[in-house]
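Me: I have a structure open and I'd like to learn how to read it. Could you take me through it feature by feature?

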Amino acid sequence: MTATHVHSAPAPSARPLRVLRIRENAPHPRQAGRLVISGRMADVCAELERLAAAHPGLVH
């Protein structure tokens, strides 16, 4: 008798959206830091849209 192991990849929707804000010292508070967003492209785009809507004065 032979054992067979089946490994399934996680479903794409199972990958969480990750938002990392890195604060750095800068002369102006709006320039202080970086933003790293990772996850599914649709989730990343939705997060960018949400951020843009929450801070309309910062969008160039």
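Reply: Let's start with surface. Accessible areas come from the Shrake-Rupley method with a 1.4 Å probe, and for residues only the protein chains shown count as cover. Here the protein chain has an accessible surface of about 5600 Å², and 57% of that belongs to carbon and sulfur atoms. Keep in mind that this is a predicted model: local features need pLDDT of at least 70, side-chain atom pairs count only at pLDDT 80 or more, and totals for chains, interfaces and linings use all residues. Residues are numbered from 1 along each chain as its sequence is written, and side-chain values use heavy atoms, with hydrogens and water left out.

Me: Okay. How many helices and strands does the protein chain have?

Reply: Helices (H or I, at least four residues) and strands (E, at least two) are DSSP runs, numbered from the N terminus. In this protein chain you'll find one helix and two strands, and from the N terminus on the order is β-β-α.

Me: And what share of the 60 residues is buried?

Reply: Buried means under 20% relative accessible area, exposed means over 50%, and partly exposed is in between (1.4 Å probe, protein chains only). Buried residues make up 7% of the 60 residues in the protein chain.

Me: Which residues is Arg23 in contact with?

Reply: Contact means heavy atoms within 4.5 Å. Leaving aside neighbours within four places in sequence, Arg23 is in contact with Ala32 and Gly33.

Me: How much of the chain's contact pattern joins residues at least 24 apart?

Reply: Take the contacts in the protein chain between residues at least 6 apart in sequence: 27% of them join residues at least 24 apart.

Me: Now charges. How many salt bridges does the structure hold?

Reply: The general idea is that side chains of opposite charge can pair when their charged atoms come close. A salt bridge is a side-chain nitrogen of Lys or Arg within 4 Å of a carboxyl oxygen of Asp or Glu. The structure holds two salt bridges. One joins Arg40 and Asp43, with the closest N and O atoms 3.1 Å apart. Arg40 is partly exposed at 31%, and Asp43 counts as partly exposed at 23%.

Me: What about Arg50 and Glu47: how far apart are N and O there?

Reply: Their side chains meet in a salt bridge at 2.8 Å, N to O. Both residues lie in helix H1, three residues apart, about one turn of the helix.

Me: Why does Glu47 count as buried?

Reply: Glu47 counts as buried because its relative accessibility is 11%, whereas Arg50 is partly exposed at 45%. Helix H1 covers residues 41-54. Not counting residues up to four places away in sequence, Glu47 touches Leu17, Val19 and Ile37.
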